[in-house]
2 protein chains.
Amino acid sequence: MNAPSLPPTALSNDLLSQMREILGERLSTAPAVREQHGRDESYHLPAPPDAVAFARSTEEVAALVKLCAAHDVPVIPFGTGTSLEGHIAAVKGGLCIDVSQMDAILEVRPEDMDVTVQAGVTRKRLNDFLRDTGLFFPIDPGADASIGGMAATRASGTNAVRYGTMRENVLGLTVVLADGRIIRTARRARKSAAGYDLTRLFVGSEGTLGIITEVTLKLHGIPEAITAATCPFPSLEDAVNTVIATIQAGIPVARIELLDEVTVGAVNRYSKLDYPEQPTLFFEFHGTAQGVEEQAVMAQSIAEDFGGTAFSWASKAEDRSRMWQARHDALYASLALRPGSKGMSTDVCVPISRLAQCILETREDLKDVPVPAAIVGHVGDGNFHVALMVDPENKAEIEAVKAFSHRLTQRAIAMDGTCTGEHGIGLGKMEYLREELGEAVDVMRAVKAALDPKGILNPGKVIEG
Amino acid sequence: MNAPSLPPTALSNDLLSQMREILGERLSTAPAVREQHGRDESYHLPAPPDAVAFARSTEEVAALVKLCAAHDVPVIPFGTGTSLEGHIAAVKGGLCIDVSQMDAILEVRPEDMDVTVQAGVTRKRLNDFLRDTGLFFPIDPGADASIGGMAATRASGTNAVRYGTMRENVLGLTVVLADGRIIRTARRARKSAAGYDLTRLFVGSEGTLGIITEVTLKLHGIPEAITAATCPFPSLEDAVNTVIATIQAGIPVARIELLDEVTVGAVNRYSKLDYPEQPTLFFEFHGTAQGVEEQAVMAQSIAEDFGGTAFSWASKAEDRSRMWQARHDALYASLALRPGSKGMSTDVCVPISRLAQCILETREDLKDVPVPAAIVGHVGDGNFHVALMVDPENKAEIEAVKAFSHRLTQRAIAMDGTCTGEHGIGLGKMEYLREELGEAVDVMRAVKAALDPKGILNPGKVIEG
């Protein structure tokens, strides 16, 4: 359990013992625990916290934050550590508050189609729990992330084109503020014009404005009928143009995902499948039996216009499951293209009218990048990722990949798009935030200073300074 | 044009002449103009501003705000004056910035299904303009409000159950801050995880955090098929239970509106119609021809379970138009029940499971209120209004109505609902905001102080102090 490279905790014994009064054995300064909590799934360098607190209640979080505020100690909330922009790196040390033991599903209200959970509940566990209610929680970022972390990063994923992102699906939050006060941002009405939209202010604030401890979510009825299909296309351009036409036709697809030929090849090898190694769209349709049929016929007819004639349907649940598992494993599959590599994933989102141009220019740009690269995307929203398989020891590669990512981000912003569709700003995108939003970033900074005047909440993230 | 009760402008001649340098003839201190700009459609006492500026561009607004900031002069933005909680009353005097001449539709992008407008464009004008594109803007609060005002109050209305409110339909804003800086809150990507959600922070901030000068909106495809129907019910309870069951069944109704028997009677007389004078639901279904048919069959079957057997269908556009015009005229129709009266409209919203109880208790409570009252509601969201027809000269009536409104608001909050579903806080609901959200209001105040340290933006609204 020893990690010689890690300096001992910088927290005083006095402070640690005050924390132990709150948590007992649930406070750890063990190097392995600290190391594990300073690292997410991104390429960013890990930065371990000085201690890790395994909180079990909002009140415990509030008590810990009060102590940290009194001693100017940074506080970093931690869910499952699956973030992708270094969100949980303790770049200024401090206390990591791990909410994974806050895993109670507090109340399901089927008649209101909502649920209140503690922040540490993961999305898969929530959906397992909901199974018998006929309801489900659609937001699906791939990783089995915690609901608190998903709210904090404004997560979305494959279903967002139909069901929205965390922005649209959080009804209210319980938040611990920077001084330990506890607030509830909204009651449970489906809509409200009561004051500033604090719910949306905290959703996507990445732990920098408060610590989310409970989340009330909208739920959706499990559709009467679901059908899914894959369809290969002659070219990337044909696939993307099919997406654009499908969205513009107003077909309410539940999922419409793009995998380029590199990704399809990787997925075939990794998941032992045999999709044609061409740019491919993965579709899913939700609705009544009749409605799904209607959507599928419309989408198929659009795809045919762009040479997508070989639809392969998956109507049985297990076939769909295998198909979407393959999609979710795309990053791991791509990493296996180059054993020992680490994945760096870009994440831009552009207006749908610019999507084809953005992806094609990016594909062209990739020709000069000296590492394997795979394009996947939640293309119905205009959102796509390039996964680049980097040798983490090779500085030249890392520089080339960073330069590529820089060009891609600027390309997206120039198209009136965003530097991040769903991963968030974290450590990695701060410079682009200003490029994208200019002086609006000063408004963000003013809000940050107002809500966290000491700057103890997840410092060094989202906004500079 | 003389209004003897109005004191002369409190603004110095020097300041006025600096404003005239910006606006020329488009600055007015005429009593009639000031009177007209201090009054919305609510029961709140009017409070005229000291001057009215008819701005034509974001830059003009910014220049005016800079002047006001330098002289600590309050600034109140004004769209169409159709707000319902005294939002535009100049309770501390100051400059009203009327944006009605900022009426340019700047860019329609059919392929992205979005549009950018100046704040003074009204929703009807926008939809007239869009007609040939096959797209429409669904948010419909009844009044032909300005898009800027609708964004500022987080407006919603009859279509919100299907299309969401302004919260879900604003993609980005141009905002003039309290010191005259101009920001753009977001680019045009459909989703973004880039920093704090400033768009949602300004939507619903009622002119207290910044002045919205341009709005980029999501548009929606005009449905292939639309059909509408009215259906009377034996009792209010049956009508409300039909709504609840319809929502819980996941039928994607575009509109589902409740009119109680008083409202139906008023509407019949006002609009020369002959609906049965019973509690009645107004439905509208949007989709493909097949989809609409399917929804209608399902809704009809649910209604039958609650005694709603007499569906009256309106498939032709002119029939639907007449029906919805009657719905929108419900307030005027109710006022005609008592000539010379003024309407006071409540506006609570509760979780759908509590809707029947909330409406029935409210109906019971109304028995002791000595003025005519009509219940209408966007019940699919759990949102309903009671319009009370008050003699504005009768203090006892006004007290009784205020006491009723107080009880209603507390009833809704106790049911985990909100004190305002769509009208906003304005002057009228400040005390309830704290009751509803507790210490969260202090967070709002901190945000307000950070963004408007001098407190010049629409002072006296939303939050105390």
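Predicted model: local features only at pLDDT ≥ 70, side-chain atom pairs only at ≥ 80, totals over all residues.
Helix α9(B), residues 236-248, packs against helix α11(B), residues 289-305, at an angle of about 140°. The two helices are therefore oblique to each other. Their axes lie 9 Å apart, and the crossing in which α9(B) passes α11(B) is right-handed.

On the side of α9(B), the contact is made by B:Thr242, B:Ala245 and B:Thr246. On the side of α11(B), B:Ala299, B:Ile302 and B:Ala303 take part. Four of the residues in this contact are nonpolar and two are polar, while no charged residue is present.

Chain A was examined as a whole. Its secondary structure consists of 17 helices and 19 strands. The radius of gyration of chain A is 22 Å, close to the 23 Å given by the globule rule for 465 residues, so chain A is as compact as a globular protein of that length. The C-alpha trace of chain A spans about 70 × 55 × 45 Å along its principal axes.

Burial and contact separation were also computed for chain A. Of its 465 residues, 59% count as buried. Among the contacts in chain A with a separation of 6 or more, 71% are between residues 24 or more positions apart.

Technical notes
Residues numbered from 1 in each chain as written. Chains lettered and ligands numbered in written order. Axes fitted to C-alpha atoms, helices over the stretch in contact; angles between N-to-C directions. Helix = DSSP H or I, 4+ residues; strand = E, 2+ residues; numbered from the N terminus. Parallel < 35°, antiparallel > 145°, perpendicular 65-115°, else oblique. Left-handed = near helix turned anticlockwise from the far one by under 90°. Contact = placed C-beta atoms within 7 Å. Nonpolar A, V, L, I, M, F, W, Y, C, P; charged D, E, K, R; others polar. Rg over C-alpha atoms; globule rule 2.2 N^0.38 Å. Buried ≥ 20, exposed ≤ 12 C-beta atoms within 10 Å, placed from the backbone.
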